[in-house]
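Please find below my note on the structure, written for a colleague who will read it beside the coordinates. It takes the form of numbered points.

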Amino acid sequence: MQFYVLGPIEVRTPHGALLETRATKPAALLAVLLLHANAWVSIDQLIDGIWHEQAVPASAVRNLRSYVCRLRRELGDRLEGGPGGYRIRVLPGELDTDRLETLASSARAAMAEGAHAVAAEKLSAALALWRGKSFDGFTFAAATASTLDERRCELTCLLAEAHLALGRVAEAIAPLRDLTEHDPLSERAWARLVRALHQAGKPAEALAAYDRAKALLLRELDVEPGPELVAAQRKVLGNRALGLVPGSGTGIDALLVSAAREVLVMSAGANSWPLEAIRRIGRGNLRHGVRYRVLCPDAVRLSGALNSLSLAGADVRTDAEVPMEALVIDGTAVVLPADGSTGATIFRSPGVVTATAGLFERVWQAAVPLIPAELPPAEEVLTHRERDLLALLCSGSTDESAAAKLGISVRTVRRMVADIMNRLGARSRFQAGVKAVDRGWLMEKAS
């Protein structure tokens, strides 16, 4: 069977026949169950979803059982009952969000390898899965729908990056325009649009897009554009119009050496200029008394560059995507890429410094720490949190319930699982669980 939540709720049989649940209440029941696919959902939770923001009738439990019977006629043994609740059994790949994650992961891997045409194909397929607003019509799923909308924005921006890398400027601009109309407060989308228009040789349109974004942010949120959007505008105008202080490698080194408290590093890859600058001062050791926090993409997690920084005393974490390249020194200066392919620029404006540091902190909270190099080899050890996560997943917990029990985000759970699979050389979660048991990683927890 195939289950669809990236739009109106739909179910299709193995033969492709559409099962439509026209009645509102049974449809709401199906939506609640799919929101917690493969997890047991209590009767109270189901009633709360079915009569969301409505008065619950005295016959709610009896009515619920009637709706369950209706759904069972269509879903068969996929709808299971148990003590105090029900669940819908969904196999891997049957839910459109599962297929979305598979395509998105493949696309990110292709982008990291420079296979932009493959990435564009995967991303286009992923975005085509949306048939409208996720969980359309069910307000109780608003939080999940919002998360999926953010994913749609992220993948659209990534698709634009792939098109730009392939020189398909027009194909990059169209979806970005649609995205800024759909989500006018997304600075990431506006920044990508400004860059795409600039690359298309339309500087006036690029600056007009920046001005529109700035006006929207000021009117709706009372905030100035953040560093990513400002950097996109700067590429159009050039440094001369912004009163910037040009920086060279030597100037950045001097600024880093002068750090007294903390240096924040955002890097787009293992060979980016922020990491090169840090490595230059860290060959012997990083400055004593200064905290160094480094954010890099998951794609370079196992690189020797990050390992050496960890050995030198830096706190390193990785995330699926790092939004920009930057250095923040002592909360008073920011170094961003200069216009063109080389060089960098130093900002001392409090607004830019605060916005860049704030962006770093938001990504940092969800990023996964790199295992320190002085610990035993990564393939031989699990952190306590990773062991707890594996135990929960092996006992049948969903990503969402495991995240709630561990006090972390679902996004972090999925990133941790991907990291464990990578270290185990596993191609699936099931295979990862088998290999973890074989290595005795879960035996200590079980005892």
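The points below concern a predicted model and go through its sheets, helices, nonpolar core and aromatic pairs.

1. An open sheet is built from 3 strands in the order 1-2-3, with antiparallel pairing. Its edge strands are strand 1 (2-4) and strand 3 (18-19), each of which pairs on one side only. Strand 1 and strand 2 (residues 10-12) are joined in the antiparallel sense over 3 bridges. To find this pairing in the model, one may look at glutamine 2, whose bridge partner in strand 2 is arginine 12.

2. Helix 2. The buried residues of helix 2 are Leu46, Ile47, Gly49 and Ile50. Viewed down the axis of helix 2, these buried residues fall within an arc of 165°, so they line one face of the helix. Their cover includes helix 1, strand 4 (41-42), helix 3 and strand 6.

3. Length and end of helix 3. Just after the helix, glycine 76 adopts a positive phi of about 60°.4. The two sides of helix 3. Ala60, Leu64, Tyr67, Val68, Leu71 and Leu75 are buried in helix 3. Seen down the axis of helix 3, the buried residues fall within an arc of 105°, so they line one face of the helix. On the other side of helix 3, Arg62 and Arg73 are exposed. Among the elements that cover the buried residues of helix 3 are strand 1, strand 2, helix 1 (24-35), helix 2 (43-50), strand 5 (79-82) and strand 6 (85-88).

4. The largest nonpolar core. Which residues touch the most other members of the largest nonpolar core? Of its 55 residues, they are Phe3, Leu29 and Leu34. Two or more residues each are given to this core by helix 1, helix 2, helix 3, strand 6, helix 4 (96-112), helix 5 (116-127) and helix 6 (142-165). Helix 1 supplies the largest share, 9 residues. In general, nonpolar side chains of soluble globular proteins tend to be buried together.

5. Contacts of leucine 29. Not counting residues up to four places away in sequence, leucine 29 touches Leu46, Ile50, Leu64, Tyr67, Val68 and Leu71.

6. Tryptophan 51 lies in the loop between helix 2 and helix 3 and tyrosine 67 in helix 3, so the pair ties together parts that are 16 residues apart in sequence. Both tryptophan 51 and tyrosine 67 are buried.

7. A stacked aromatic pair. The rings of phenylalanine 360 and tryptophan 364 have their centres 5.4 Å apart and their planes at 20°, so the pair is stacked. Both residues lie in helix 14 (residues 350-366), where they are 4 residues apart, about one turn of the helix. Phenylalanine 360 is buried, with a relative accessible area of 1%, and tryptophan 364 counts as buried at 3% relative accessibility.

8. Strands 12 and 13. Strand 12 (residues 333-337) and strand 13 pair in the antiparallel sense over 4 bridges. Within this pairing, the bridge partner of valine 334 in strand 13 is phenylalanine 347. Ala344 and Ile346 point one way from strand 13 (residues 344-347), whereas Thr345 and Phe347 point the other way, and all are buried.

9. Tryptophan 273. Is tryptophan 273 buried or partly exposed? Its relative accessible area is 21%; because buried means under 20%, tryptophan 273 is partly exposed. This residue belongs to helix 12 (residues 273-282). Leaving aside neighbours within four places in sequence, tryptophan 273 is in contact with Ile252, Glu325, Ala326, Leu327, Val335, Leu336, Pro337 and Ala344. Among these, alanine 326 is 53 residues away along the chain, yet the C-alpha atoms of tryptophan 273 and alanine 326 are separated by 9.0 Å. Another contact, Ala344, is one of the buried residues of strand 13.

Notes
Residues numbered from 1 in each chain as written. Predicted model: local features only at pLDDT ≥ 70, side-chain atom pairs only at ≥ 80, totals over all residues. Heavy atoms only, no water. Buried < 20%, exposed > 50% of the residue type's maximum accessible area, 1.4 Å probe, protein only. Pairing = 2+ DSSP bridges. Arc of directions from axis to C-beta. Contact = heavy atoms within 4.5 Å. Core = buried A, V, L, I, M, F, W, Y, C linked by side-chain atoms within 4.5 Å. Phe/Tyr/Trp six-rings, centres within 6.5 Å; stacked < 30°, edge-to-face > 60°.
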